[in-house]
Amino acid sequence: MPALSASAPGKIILFGEHSVVYQQPAIAVPVMEVKAIAIASPAIGKPSNTVQVIAPDIEINSTLKTLPLDHAISMAIDLTLKELGISDYPAFNLRISSTIPLAAGLGSGASVSVAIIRVVSNFLGQTLSDEVVSQLAYEVEKIHHGTPSGIDNSVVTFAQPVYFIKDRLLETFPIGKPFTIVIGDTGIKSSTAVSVGDVRKAWQADQKVYEDFFESCGTIAKKAREHIENGEIKKLGPLMDENHALLQKMNVSSKELDTLVLASRDAGAWGAKLSGGGRGGNMIALVDEDSSENVADALMNTGAVQTIITKVGN
Ligand code: PMV
């Protein structure tokens, strides 16, 4: 049995985080510059039904049986075995690595799950459809993120721009003209489950106000899709700014995110916003390709710990 590998990209949410949890549309795109990789290889000499999990990034080198049952890696493996109907399997090593920053809104959790699900099923001789892979990754997300919308697992599984409405059939859509995004990492780890939970509490306390916020974000995402399809890229800038202002009102931005957003606009970005759960993690800036390095430098000079320049629709 040869070693096999599978990978999945990172992601950013261009429009509609948080409001997507409340059935509003959102747009997310893969970030191919970073990825999670899982490699399965035979563990010769080990007893069958043993999985040796090696994930140096998070200091794990132990068997599946000794990992907590609710650990995301165990869950991804167990759910895959269950889906395949396999309880007896040859021993294998599962090596996991990722260049996607953790807890930063770039989809690292979903991406690692997708890579694991794909490689385990392929190694055991079966190929799962993208729909099933995404569904299994969603089950893992649910345990770790409370009430996820499902956007992360969808975009990283299909590795295509998605127009996502919770509980509806996933839509992909054409990009009229490729465009460039600079991603700036505040370096602050932030739990999506906590920010999603806080928005839920605030919505419960003030439904009318929050439903207006969500609807406005949904309208922005709808308009943005049209502009993206028509290749009217510059028009996305003001929509990003509006979306960021709404996220600030929902109390999911932070001083560091706001500083980077302003710095990118000052350096010539057409628009900027936080991306993902917020409170830390990453922001994104829409730029003319020629000014991407300038904007990235401005972000590093105002506190970003890392930047990624990504081209959407290439
Ligand atoms: O995983 P993150 O931090 O990119 O956040 C996902 C986006 C949210 O809308 C905040 C949550 C969700 O499940 O859609």
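D198 is partly exposed, at a relative accessible area of 28%. Here buried means under 20% relative accessible area, exposed means over 50%, and partly exposed lies in between (1.4 Å probe, protein chains only). The model is predicted: local features need pLDDT of at least 70, side-chain atom pairs count only at pLDDT 80 or more, and totals for chains, interfaces and linings use all residues. Residues are numbered from 1 along each chain as its sequence is written, and side-chain values use heavy atoms, with hydrogens and water left out.

Side chains of opposite charge can pair when their charged atoms come close. D198 pairs with K201 in a salt bridge, at 3.6 Å from N to O. The term requires a side-chain nitrogen of Lys or Arg within 4 Å of a carboxyl oxygen of Asp or Glu. K201 is exposed, at 55% relative accessibility. D198 and K201 sit three residues apart in helix α5 (residues 192-205), so about one helical turn separates them. Helices are DSSP runs (H or I, at least four residues) and strands likewise (E, at least two), numbered from the N terminus.

Helix α6 (residues 207-230) holds both D212 and K208, four residues apart, about one turn of the helix. Their side chains form a salt bridge at 2.8 Å, N to O. D212 is partly exposed at 37% relative accessible area. K208 is exposed at 57%.

K255 bridges to E256, with the closest N and O atoms 3.9 Å apart. K255 is exposed, at 63% relative accessibility. E256 is partly exposed, at 31%. Elsewhere, salt bridges that share partners link E171, R225 and E229 into one network. The structure holds 13 salt bridges.

The packing of α7 and α8 was also examined. Helix α7 (residues 236-249) and helix α8 (residues 255-266) have axes that come within 12 Å and cross at roughly 160°. Axes are lines fitted to C-alpha atoms, for helices over the stretch in contact, and angles run from 0 to 180 degrees between N-to-C directions. The two helices are therefore roughly antiparallel. Angles over 145 degrees count as such, under 35 as roughly parallel, 65 to 115 as roughly perpendicular, and the rest as oblique.

In α7, D241, H244 and Q248 meet D258, V261 and R265 of α8. Contact means heavy atoms within 4.5 Å. By class, the contact of α7 with α8 has one nonpolar, two polar and three charged residues. Ala, Val, Leu, Ile, Met, Phe, Trp, Tyr, Cys and Pro count as nonpolar, Asp, Glu, Lys and Arg as charged, and the others, Gly among them, as polar.
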